[in-house]
Amino acid sequence: MHSFASSIDECSRRQLHIPRAPRSIAHQAARSTTPLHSTPVPQSSSSTRQVPGKVDAQNKEVDALVHKITGLHAAIAKLPSLSPSPDVDALFTDLVTVCVPPSPVDVTKLGPEAQEMREGLIRLCSEAEGKLEAHYSYMLAAFDNPLDHLGIFPYYSNYIDLSKLEYELLARYVPGGIAPARVAFIGSGPLPFSSYVLAARHLPDTMFDNYDLCGAANDRASKLFRADKDVGARMSFHTADVADLAGELAAYDVVFLAALVGMAAEDKAKVIAHLGAHMADGAALVVRSAHAARGFLYPIVDPQDIGRGGFEVLAVCHPDDDVVNSVIIAQKSKDMHANEHRNGRGGQYARC
């Protein structure tokens, strides 16, 4: 079966991996506790009308943004290494500082040259984060009980924020709430903080199966839980390509899909369709995406692709704080035709 991910440089650039460096760096610039709000209102043509002068100003803003990001991409691409260093940290901090604030840019409508730059930039972010996580995973493994020292990772609080948001969205929008017996996290990496936070803070009775394409990442991750008899006993690590998972997927009540599982839009759609073909009816899917200029840091997932993959989209959340990832909550459904209709451009899913 076609592989949706690839292993490069001992898994430092993995598509079965969440690019956390940009989100973490954003935490340095802003720290807020914006409350969760949602309004399930369909889009309308009247809401998209723009005053000509405003459109001109927005176009200039977008042009300036793309120009600045193009320059940062060029500088990052010239670095001799993306391993943690002052130069690497400074450039990625600048990048996230540019990308995180609200912006009128729609990266899906950029020209071919800008799209090529964006795709390359996302891969560089992934490679840098892979190196950062491997570095800290190795450091943590040196402690007798690594889970007692997670705070040495400077951006651990970001994992807490994102996992809390995802849990709250699941609890709010999945019919009947959630009390999952088993959860799968596809693309867990060498620092599986998302699974750990969910297990320790939100889902104390749930078993977690963590999947990553990189065996070295799984080896490092498993060492972090060796001294913990609670969460450690509920964590399993598996080296596998999502394309090779079939019957296993039917056992999960919730599946989390990391942001870089499927870099290009067509690959992401294939991954989602594969999950839809094998997950159990009624199971929930959590997909990490991006919005506006944050789409220079992460792939953007179209809710319509999730509907075509066999899911009903329940909610789409675009945070405006230091949680850079957007979050999409969906549920496996038999009625794919109805899903496509409900999940169209004017879909009735909740927005927050």
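**Helix 8 and its surroundings**

Helix 8 has 14 residues and spans 20 Å from its first C-alpha to its last, close to the 20 Å expected at 1.5 Å a residue. The model is predicted. Six names make up the buried set of this helix: K268, V271, I272, H274, L275 and G276. These buried residues pack against strand 4, strand 5 (284-289), helix 9 (303-308), strand 6 (311-317) and strand 7 (326-332). An α-helix has 3.6 residues a turn, so residues three or four places apart point the same way.

M263 lies in the loop between strand 4 (254-257) and helix 8 (265-278). Its relative accessible area is 12%, so M263 counts as buried, the cut-off being under 20%. The C-alpha atoms of M263 and I122 are 8.4 Å apart, although 141 residues separate the two along the chain.

Strand 1 (residues 182-186) and strand 4 run parallel and are joined by four bridges. A184 has V255 of strand 4 as its bridge partner.

A nonpolar patch on the surface is formed by Y138, M139 and I152. Together they have about 310 Å² of accessible area. I152 sits in the loop between helix 4 (112-141) and helix 5 (156-173). I152 counts as partly exposed because its relative accessibility is 32%.

Notes:
Residues are numbered from 1 along each chain as its sequence is written. This is a predicted model: local features need pLDDT of at least 70, side-chain atom pairs count only at pLDDT 80 or more; totals for chains, interfaces and linings use all residues. Side-chain values use heavy atoms; hydrogens and water are left out. Helices (H or I, at least four residues) and strands (E, at least two) are DSSP runs, numbered from the N terminus. Buried means under 20% relative accessible area, exposed over 50%, partly exposed in between (1.4 Å probe, protein chains only). The expected span of a helix is 1.5 Å times one less than its number of residues. Contact means heavy atoms within 4.5 Å. Patches are made of residues with over 30% relative accessible area and no salt bridge: like charges are joined within 9 Å, nonpolar side chains (Val, Leu, Ile, Met, Phe, Trp, Tyr) within 5 Å. Accessible areas come from the Shrake-Rupley method with a 1.4 Å probe; for residues, only the protein chains shown count as cover. A salt bridge is a side-chain nitrogen of Lys or Arg within 4 Å of a carboxyl oxygen of Asp or Glu. Two strands pair if DSSP finds at least two bridges between them.
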